[in-house]
Amino acid sequence: MTEDGKLQRGITLPMAVFIVVGVVIGSSIWLLPTEALAEAGPGMFLSYILAMIPGIFMALICAYLGATVPTAGGSYVVISRMLGPLAGALTLSLVIVGAGGALA
């Protein structure tokens, strides 16, 4: 936030990279990295690096959409403007189900 209490828009490339790194490293807590490291060996570190590549692109896409449509629920707004409100609601419902399935 700025001095006048208003939110400042914008995400820089380093911020997007650190978000992706935090997500990739944060997921390792739930995947029992010691057991995976025992089986995969040094290849596990390579897999984390490879997993960061599409994550960085996804973070940049989200940053672009956030800058283009600076509203709360920007992902719904973008889809609903392109395809209609029903498609926006269905897409976000599938995202919620997918995130829940990924966490499980």
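**Notes on the second largest pocket and its surroundings**

1. Helix H3 (43-68) and helix H4 (74-83) each supply at least two residues of the lining of the second largest pocket, and the largest share, five residues, comes from H3. Helices here are DSSP runs of H or I with at least four residues, numbered from the N terminus. The model is a predicted one, in which local features need pLDDT of at least 70 and side-chain atom pairs count only at pLDDT 80 or more, while totals for chains, interfaces and linings use all residues. Residues are numbered from 1 along each chain as its sequence is written, and side-chain values use heavy atoms, with hydrogens and water left out.

2. The lining consists of Met58, Ile61, Cys62, Leu65, Gly66, Val69, Thr71, Gly74 and Ser75. By class it has five nonpolar, four polar and no charged residues, with Gly counted among the polar ones.

3. In H4, Gly74, Val77, Val78, Ile79 and Ser80 are buried (under 20% relative accessible area, with a 1.4 Å probe and protein chains only). Gly84, which follows H4, has a positive phi, near 110°.

4. Arg9 touches Ala67 and Pro70, not counting residues up to four places away in sequence (contact means heavy atoms within 4.5 Å). The C-alpha atoms of Arg9 and Gly66 are separated by 8.7 Å, although these residues are 57 apart along the chain.

Conventions
1 Å grid on protein atoms, 1.4 Å probe; cavity = no way out; pocket = protein on both sides within 12 Å on 5 of 7 lines; lining within 4 Å. Buried < 20%, exposed > 50% of the residue type's maximum accessible area, 1.4 Å probe, protein only.
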